[in-house]
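Visitor: I am new to reading protein models. Could you walk me through this one?

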Amino acid sequence: AGVTSTVLDDGITRGPVVTFPNLTQATAMKRWVSQTHFKEVAAAFEGTSRFARLRSVEVSVVGRRAYLRFCSSTGDAMGMNMVTKATTAALERIQKEFPEMHIVALSGNVCVDKKPSAVNWIRGRGKSVTAEAVVAAEVVRTVLKTTPAAMAEVNIDKTLIGSAVAGSVGGFNAHAANMVAAVFIATGQDPAQVVASSTCLTVMEALRRPEDKEDSLYVSVTMPSIEVGTVGGGTALPAQASLLRLLGIHGSH
């Protein structure tokens, strides 16, 4: 039956850091943005692009500092330049209401771009994807030279428990980064974003389907932070564009 996959969520993020004279003002800004004036912030944000659509702004207040994590859909682009420009416009709108707000940096490292993080693992960034496949027992025996039960055991003891012992963030897989890096280079994505894009939870089970006489191997991968696009950046390079066309996904859709 092949592989079944689905996009669970889609939104690239930019997370600036701003400061105020005191935490009272920082908290007031949080309420203003998140609760009472989100539509005004969204209007400023979306006014910079035909494709940017602000989905949420999560504001974390740390004393007199505030970190705003803007999340936006960006059409078929990966969208970092788009969302950065839009975030700048949104901050300018907020600053009109809070002139005492000082913009320290457009990225306060809560985006989180090109660094491992729990927030991307939990909230997602870019495309959040899950996929599954069932591998017949005969294929497991003849090609992989093992059994579905043995594969499931190794996955639990190594990929899940071993990664937990190591304190891994999003590293519950064997070597997802190898495949992600290869695909990113071949299709014109940003290789530095392999850091977050390769976070992956692999599940394996010995599964008996009604039509089977013996257990097959059920495999799923869940990847919450695949930062990809089919327009912009390296996707315009001849070799990379030709491969995207071969896959039938080059350009806007």
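**Helix 7 and its surroundings**

Guide: Helix 7 (residues 176-187) has 12 residues and reaches 17 Å from its first C-alpha to its last, close to the 16 Å expected at 1.5 Å a residue. That expected span is 1.5 Å times one less than the number of residues. This is a predicted model: local features need pLDDT of at least 70, side-chain atom pairs count only at pLDDT 80 or more, and totals for chains, interfaces and linings use all residues. Residues are numbered from 1 along each chain as its sequence is written, and side-chain values use heavy atoms, leaving out hydrogens and water.

Visitor: How many helices and strands does the chain have?
Guide: Helices (H or I, at least four residues) and strands (E, at least two) are DSSP runs, numbered from the N terminus. On that basis, the secondary structure comes to nine helices and eight strands.

Visitor: Which residues of helix 7 are buried?
Guide: Buried means under 20% relative accessible area, exposed over 50%, and partly exposed in between (1.4 Å probe, protein chains only). The arc is that of the directions from the helix axis to the C-beta atoms. The buried residues are Ala176, Val180, Phe184 and Thr187.

Visitor: Which residues are exposed on the other side of helix 7?
Guide: An α-helix has 3.6 residues a turn, so residues three or four places apart point the same way. On the other side of helix 7, the exposed residues are Asn178 and Ile185.

Visitor: What covers the buried residues of helix 7?
Guide: Look for contact, meaning heavy atoms within 4.5 Å. The cover includes helix 8 (194-197), strand 8 (216-226) and helix 9 (238-247).

Visitor: At what angle do helix 7 and helix 9 pack?
Guide: Axes are lines fitted to C-alpha atoms, for helices over the stretch in contact, and angles run from 0 to 180 degrees between N-to-C directions. Here the axes are 7 Å apart, and the angle is about 110°. That makes helix 7 roughly perpendicular to helix 9 (65 to 115 degrees; under 35 is roughly parallel, over 145 roughly antiparallel, the rest oblique). The contact uses Ile185, Ala186 and Thr187 of helix 7, and on helix 9 Ala239, Gln240, Leu243, Leu244 and Leu247.

Visitor: Which residue just after helix 7 takes a positive phi?
Guide: Step past the end of the helix. The phi there is about 80°, and the residue is glycine 188.

Visitor: Which residues of helix 2 (residues 38-46) are buried?
Guide: Helix 2 has Val41, Ala42 and Phe45 buried. They cover an arc of only 100° around the axis, which puts them on the same side of helix 2. Their cover includes helix 1 (23-36), strand 3 (53-62), strand 4 and helix 3 (80-97).

Visitor: Is phenylalanine 20 buried or exposed?
Guide: Phenylalanine 20 lies in the loop between strand 2 (17-19) and helix 1. Among the residues it touches are Met29, Phe98 and Met101. At 1% relative accessibility, phenylalanine 20 counts as buried.
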